[in-house]
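Trainee: I have a structure open and some terms to sort out. Can we go through them one by one?
Mentor: Gladly. Ask away.

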Amino acid sequence: IALLSRYLPKSKRFENLLVLVPASEEVHGSGAPQTRAVNKGAIGVSETPLHPTGKARFKNELIDVTTDGEFLDAGTKIEVIETSSNRIVVRRAER
């Protein structure tokens, strides 16, 4: 065991077993990748149907979003009403 603990971490075969996280990906306290923040009140457009989750575009950035229970079609103008961790809640924009 002493020999393995000394030489195994330095071996090429051991390096192939490790799962390395890319350095460019930021990780916060929960261990999940941190998405770029979208501020409350931001206006965007749904790219996919939101039933109740899907993708929306905010300033050329595609983000996973969830509605507050309403089903929305693709191309609907939406507004961010809540953000927490990596969850973004939206509703149909009234403007």
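Trainee: Leaving aside neighbours within four places in sequence, which residues is L50 in contact with?
Mentor: K55, V65, T67, E70, F71, L72, I78 and V90. Keep in mind that this is a predicted model.

Trainee: Why is T76 called buried?
Mentor: Its relative accessible area is 11%. Buried means under 20%. The value for T76 falls under that cut-off, so T76 is buried.

Trainee: Where is T76 found, and what is T76 in contact with beyond its neighbours within four places in sequence?
Mentor: T76 is in the loop between β3 (61-67) and β4 (77-84). Its contacts, with those neighbours left aside, are G44, V45, S46 and R92.

Trainee: Why does N60 count as exposed?
Mentor: N60 has 71% relative accessibility. Exposed means over 50%. The value passes that mark, so N60 counts as exposed. N60 is a loop residue too, between β2 and β3.

Trainee: How far apart are the C-alpha atoms of N60 and G44?
Mentor: They are separated by 9.4 Å. Along the chain, the two residues are 16 apart.

Trainee: Which residues make up the largest nonpolar core?
Mentor: There are 11: V38, L50, A56, F58, I63, V65, L72, I78, V80, I88 and V90. Two or more of them come from each of β2 (53-58), β3, β4 and β5 (87-92).

Trainee: What makes this set a nonpolar core?
Mentor: Such a core needs buried residues of listed kinds, Val, Leu, Ala, Phe and Ile among them, joined through side-chain atoms within 4.5 Å. The 11 residues form such a core, so each of them is buried.

Trainee: In what order do the elements run?
Mentor: From the N terminus on, α-α-β-β-β-β-β. That is two helices and five strands.

Trainee: How much of the chain counts as buried?
Mentor: 21% of its 95 residues.

Trainee: Which elements have the lowest and highest mean pLDDT?
Mentor: Helix α2 (residues 12-17) has the lowest, 72. Strand β1 (residues 43-46) has the highest, 94. Over residues 24-34, the pLDDT is below 50. The mean for the chain is 80, and 77% of its residues reach 70 or more.

Notes: Residues numbered from 1 in each chain as written. Heavy atoms only, no water. Buried < 20%, exposed > 50% of the residue type's maximum accessible area, 1.4 Å probe, protein only. Contact = heavy atoms within 4.5 Å. pLDDT = per-residue confidence, 0-100.
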